[in-house]
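Please look over the sequence and the structure shown here before reading the notes that come after them.

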Amino acid sequence: MARARVHDFHEDEVLGKAYDWPLLKRLGRYLIPYKRVVYLSIALALGLSVTEAVGPLIIGWIIDGPIQGGSTGGLALWSMIYLAVIAVGLVLEYASFYLIQWTGQMGMRDIRHEIFAKFQRLHLQHFDKNPVGRLLTRVTSDVSVLNELFAAGVVALIKDALLIVIVTVWMLWLSWRLTLVIYLAVPVIFLISWVFRMRVREAYRTMRARLSRLNAFIQESVQGMRTVQVFNREPLSMDQFHELNTALCDAHRATITNYAWFFPAIEFVTNLSLAGLIVAGAVLATGETVSIGVLVTFVIWLQRFFRPIQDLSERYNVLQSAITSSERIFKLLDTPEEIPNPREPRPLRLERTIEFRDVWFAYHDEEWILRDVSFTVERGQTAALVGATGAGKTTVASLLLRLYDIQRGQILIDGVDIREFDKHALRRLFGVVPQDLFLFHGDVAGNIRLGHDDVSDEEIRRICEYVNAWGFISAREGGLHAPVAERGAGFSVGQKQLMAFARALAFDPQVLILDEATSSVDTETEQLIQATLAKLMASRTSVVIAHRLSTIQRADQILVFHHGRLRERGTHQELLQMGGIYRGLYELQFQGQG
Amino acid sequence: MKRLLALTPYLTRRPLWLVLGLVCLVLTSLLVAYIPRVVGLAVDVFEASRETASIDMGRLWRVVGGLMALALVAGVFRFGMRKLLIDLSRLAERDFRDDLFRHLLGLSPSFYDRWMTGDVVTRLSADMDAVRMVLGPGLMYLVQTAITVPTVLVLMMTIDAPLTLVSLVPLIFVPLVTWAFANEMYHRSRAMQDQMSTLSTMVQETLSGQRVVKSFNQEGAQQTRFEAINEEYVHRGLRFASIFSAFFPMLHAVFALGLLITVWVGGGRLISGAIGYGDLTSIFLWIFVLYWPLISLGWVMSLLQRGSASMERIQELLAERPDVADGPATRPAEEIGPLRGGIEFRGLTFAYPGAGPPALCGIDLAVPAGRTLGIVGLTGSGKSTLASTVARLYPVPDGQVLIDGHDINTIPLRHLRSHIGFVSQETFLFSESIEDNIRFGQPEGTRSEVEMAAELSQLDDQIRSFPDQWETMLGERGINLSGGQRQRAAIARATILDPAILILDDCLSAVDTDTEERILRGLRGVMSERTTLIIAHRISTVMHADEIIVLEGGRITERGCHAELVALDGLYADLHRRQQLEAELERVD
C-alpha cells in the first residue's frame, strides 16, 4: 500500500528569539546612510498621531461648544478647523508612510548588493555544496522579510505607541473615570489578539508547509505524468492528490475558525466597552462631570484605541521572522572566502614557463583526482591533454586558474607559485574556451564582450570575423544584438564553440585554455573551427583538452592522463610508436577521422 | 464575468451550508446595522439624565441590555457566517482543484510535450487562488454590502433624510477610490514581482555560471548588471509604495470628511431642533458601519476582474482533450483477455502530433511472445519512438501495431498498460521512499517482492547500506541517487510488475559494464518468459537478443542476430569494434 505522506516541514521556518541586540544593531547599521530620512519619517509619524488624537476631540468640542450654545458661526469655524486637521493628517500619513517605505527599499537594496557581491567572492566549492535554490532565497525572500520589518514594523510601532500615550493623557484629563472604563477592556483585547496571532501563525505555517507540499506534488506529477500513465497509476495519484489537497483545505479551515471567532470577539468587547461608557457616562452625567461632547469623543476614540493593541502581537511576529532571516543572511555574509589573495601580490607576466610540480589534488578528502602530476609548458608552445573521460584533464584547467587550491605540490609561472599572484591578474592571463559555452541572458555582443564595455561593437565584429563566427552571427536577425535565450537555446554546438573563441579572444589573453567540443558538428562548421584553431594556436601559448586529431598533431607535446596520473608524454609520432595508452585512444577516437 | 458562473455547482454542492451561511450573513448585517440606533437611544437616556440631574435606571438598563444582546447575537451570527461561507469556498476550491488534477491525469503525453510545467502548475495554484477569492471573501462581502448599505440607508433616512443624503456624498467615493487603487496597486505589485523574478533569474544564472564568472574575472561586471536590476526593482517598489502609501490616507480622509459633514450639517439640524443628540449619535455611528462594506465593494470589484481572468486561463486547460483514449473501437478487456505479449508492426509509419516529418517509416517487424528484440541506432533514429508506440503513448494509426493479433487501438488503454513494464530513457523517480518508488505500479507489492526486484537490478546492497534502508526518501527532501542507481531503481520498478512486455529504453547507460553484465544475466532469466524490447547504445547490452534491428532515420537498415550483424560489417559492426577497444583501454592501469 503506497502512502501519500503529509509532511509538515518546518525546516526553513524555524523561528528564533524576537530580540537579539547584536543582530538588531548590525541590521540597524544599514539605516545609517538614511538616518535623516528615518528621523524625518518618525517626526512625521509623531505629528500624525497628534492629528489622529485631535480629530475626535474637536468633534467633542463642536458638540459641547457651538452646538450646545446654538452658534452656527462657531460650528462653521470649528468645522473648518477640523477640515484642516483632516488635510494635515492626510499629508502627514502619506509622507511618513512613503518615506519609511523608501528607507526600507534603500536598506534592502544595499543588503542585496552586499549579498550578491559576497556570492561572487565565495569559493566554487561552496556552490557544489549548497543548492542554487537555497542561496537564491537569501537574496530574495529573506531580504523581503526584513523589508516588512522596516515598512510595517518599527515606525508604525512608534506611531502606535505615541498615539496610545497621547490619547490616554487626554482621556485622563477629560475624565479619568471613563478612561478607567476603556482601560478595563485593554487586557482583554490584548489577550484575545495575542492568542489569535499565535494560533494563526501556527496554522499559517502548517498551511504554508502543506501548500508547498501540494505544489511540489503537482509539479512532480506534471513532470512525471508519462511514468504515472505508463504504470496505470492515475487512480492512486488521484487519491494522493486528494489527500494532500484535503490536508491543505483543512489547514485553511483551521485558520478560518480563528478568524471567525477573532473579529466577533473584538467587536463584542468593543461594544461591551461602549455600553460601559454609556452607563458610566449616564451615572456621571447626573453630577454634570461628563458632557455629551466628552462622551462622543470617548465613543470615537474607542473605535480606534484598540487597533494598535491588536497589532502589537502582529509586530512581534514580524520582528521574530526578521531576526531569523537576518541570522541567515549574516551567516552567509560571514562565510570565509577560502581562496585568499596574497597581501602583496607579485606582478605577473608570462615570460618563460607554466609548470605543474608534483601536484596532488582532490575535491573531497583523499579522493585524488590528480596524483603527482608534473609537466612544463614553454611560452608559445601548445600542450595537448589527452585521456578518457574522468582522467582529470578538466581539473588541470581549473587549477591553472586557481579556481581551487591544490593540496600538495606547486603550480608555477616563471618559477613563481601562482598563490603569490593576485588571483584576478592570474585569471586575466588565461582565455578559457569551455566545451559547452555558458551563455548569459542578453544579446550576442554582450556575451562576447562580457563585462568589458570598452570593447566596441566594431572590435567585436572583427574578432567574430577572425574566429569565423561572423557568418552565422550576421545571418541572425539583429546580428550582434540578436537576443540570446536562456542557456543559449537556438545555437548549435559548433556555433557556440566559435562564439567561445570570440569571447576568449575579446580579452586578448596570453594563454589559451581550450576544451574542445566532443559532440559532432556539421562538416561546414567543423572546417571553420579547424581553420580558427590553427590561427589561434599558432600565435600563443595554449593548453588544450584535445579531442581533434588535427589539434593533437599540431601540439608541441601531448600529455596523456589516465586515472589521475600523467602516464605518457611526447609528440604524436613518438607516442604512436610507443604503442601504449595513447595508441589505444588514437585507434578508438580517430580511426577514419582527420 | 460570465465565466465565473461555471463555478456555481461547486457552491451549491452543499446547499444546507450555503443557505445557513447566507442566513447568518443577512442576520449579522441587519443586527449590526441596528446597533447605532440603540446607542442613539442610550445617548438620549444620558441626555435626559443630564437635564433632569437624575437617572432613569430602568430605561438605562433596558437600552444597555438591548445593546449587549444585539452585540452578542450579532457576534454569534458573524462567527457562523465566516465559518460557513469561507469554509464552503475552501471546500469548493478543493473540489475544483481535484477535478482539475483528474483532468490532468487524463491528458496524453503530447499535451505535456506542448505545455510548460510551470505554466500548468501556476494555473492550479495562483489562478486557482484568484478564483477562490471570488468564491469566498468576494461573494461574502458582496452580499454583505448589498444588505448592509440599503438597511443602514433606510434606518438613517427615517431619522433625518436631508442629513443622510448630505453626509453620504463623500462616502460614494469610497468604493470608487478603492477599486481604482486596488487595480493600480495590483498592477504595480505585479510589476514588482516580475522584476523580482528577473532578479532571481539573474542571480541564479550567476550562481550556476560561477565558474565562467570567476574564470573571466566577471565579478565586477556581474555586480554592475545586478545593481541595475536591483535598482529597477527599487524603482518599481517605490512606484508601488507611492500609491500604496496614498491608499489608506485617502480612505481615512474621505471617511473623516463624511464625519465632518455629519457633524457640521447635523449640528445645524440639532441647533434648529430638527433632531436630538441621540439621533445625531446614531447617524454618526452609521457612517462607521458603512465604512467597511463600501471599501469592500471596491475591493470585490477588482477581485472579480482578476478572478475572471484566472478562470479563463483555467478553462483553457480544461478545454484540452487527450489524443490517446479509449473510444468506440475499444473492446472490453474481458473479451481480449490477458495479453501474452506478441508484438507486430505492420508497415508502421508514425509522426508526432503537430506535424513534422515521420519519425518512423514503414516498420515491418514481428516479435513473438516471449522473445527479445534489441534495438540499436544513433541518436534521433527513432528507437524510443518505436518503444513508445507499444505503450500507445501517442496516437498510432489503426492496424499498424498489433499486440497478440489485436489492433492496439482496440485494447483498453489501462488493460494494455497493465501488461507493460516500461523503463524509459529519462529516469523519473518520485519524492517518496525507495520502496514506494519500486512498487510504484504495484502499490500492493510486499517488501519481499520489492527486495526481489531490487536484487534483480543489483540495487539491493546499496539500498541496505543507506541509513533508512528501504524507507530512504528520494528527491528534494531525501537523498539524490546517482545516475546508475536511478536507472536500476527504474528497472526494479518495471520488473516488479511481472509484465508480459518489458521495455528497456537505454536504461543501462549510466551503469558500469560489470554491473550491467550482472543485471542482464539476472534479467535474462526473467526475459525468457516475456517479450522484451531492449534499446541500447552499447552492443554488449543487446548482443544476446533473439533479434536485433538497427534503425537509421526511422527505418530498419540492418536486422538479424549478433553474429549475422557483425558479419554484415555495417553500422552495428562498427559500433561493436569501437566499444571493444574502449573496454580494453579502460582495463589498463
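This is a predicted model: local features need pLDDT of at least 70, side-chain atom pairs count only at pLDDT 80 or more; totals for chains, interfaces and linings use all residues.

Several helix pairs can be followed through their crossing angles, among them α9(B) with α10(B) and α2(A) with α9(B).

**Confidence**

- Over residues 1–14 of chain A the pLDDT stays under 50, and for this stretch the model has 35 contacts beyond four places in sequence.

- Once its neighbours within four places in sequence are left aside, A:Phe119 is in contact with A:Phe127, A:Leu135, A:Val139 and A:Leu332 in chain A, and with B:Val203, B:Leu207, B:Gln210 and B:Lys214 in chain B.
- As background, nonpolar side chains in soluble globular proteins tend to be buried together.

**Helix pairs within chain B**

- Helix α9 (residues 219–271) and helix α10 (residues 277–318) of chain B have axes that come within 10 Å and cross at roughly 160°. Because angles over 145 degrees count as roughly antiparallel, α9(B) is described as roughly antiparallel to α10(B), and the crossing of the two is right-handed.
- On the α9(B) side of this pair, the residues that meet α10(B) include B:Leu251, B:His252, B:Phe255 and B:Leu259, while on the α10(B) side they include B:Tyr277, B:Leu280, B:Ile283 and B:Phe284.
- Helix α3 (residues 57–106) and helix α6 (residues 126–171) of chain B have axes that come within 9 Å and cross at roughly 155°, so these two helices are also roughly antiparallel to each other. The crossing of α3(B) and α6(B) is right-handed.
- Where α3(B) meets α6(B), the residues of α3(B) include B:Arg78, B:Met81, B:Arg82 and B:Leu85, and those of α6(B) include B:Met128, B:Asp129, B:Val131 and B:Arg132.

**A helix pair between the chains**

- Helix α2 of chain A, residues 35–69, packs with α9(B) at an angle of about 25°, with the two axes 11 Å apart, which means that α2(A) is roughly parallel to α9(B). The crossing of α2(A) and α9(B) is right-handed.
- This contact is made by A:Ile59, A:Ile62, A:Pro66 and A:Ile67 of α2(A), together with B:Val263, B:Gly267, B:Leu270 and B:Ile271 of α9(B).

**Two buried residues in helices of chain B**

- B:Pro175 lies in helix α7 of chain B, residues 173–208, and is buried, since its relative accessible area is 10%. Not counting residues up to four places away in sequence, B:Pro175 touches B:Leu294, B:Leu297 and B:Gly298, whereas its C-alpha atom is separated by 60 Å from that of B:Ile411, 236 residues apart along the chain.
- B:Arg94 has its place in helix α3 of chain B, and with a relative accessible area of 13% it is buried. With neighbours within four places in sequence left aside, B:Arg94 is in contact with A:His242, A:Asn245, A:Thr246 and A:Cys249 of chain A, and with B:Arg14. B:Arg94 and B:Met128 are 34 residues apart in sequence, and their C-alpha atoms are 9.6 Å apart in space.

**Positive phi values**

- Most residues other than glycine have a negative phi.
- A:Asp358, which is not a glycine, has a positive phi of about 50°. A:Asp358 lies in strand β1 of chain A, residues 353–362, and counts as partly exposed at 40% relative accessibility.
- B:Asp404, also a residue other than glycine, has a positive phi near 50°. B:Asp404 lies in the loop between β4 (401–403) and β5 (406–407) of chain B, and at 27% relative accessibility B:Asp404 counts as partly exposed.

Terms used
Residues are numbered from 1 along each chain as its sequence is written. Chains are lettered from A and ligands numbered from 1 in the order in which they are written. Side-chain values use heavy atoms; hydrogens and water are left out. pLDDT is the predictor's confidence in each residue, from 0 to 100. Contact means heavy atoms within 4.5 Å. Axes are lines fitted to C-alpha atoms, for helices over the stretch in contact, and angles run from 0 to 180 degrees between N-to-C directions. Helices (H or I, at least four residues) and strands (E, at least two) are DSSP runs, numbered from the N terminus. Angles under 35 degrees count as roughly parallel, over 145 as roughly antiparallel, 65 to 115 as roughly perpendicular and the rest as oblique. A crossing is left-handed if the near helix is turned anticlockwise from the far one by less than a right angle, and right-handed if clockwise. Buried means under 20% relative accessible area, exposed over 50%, partly exposed in between (1.4 Å probe, protein chains only).
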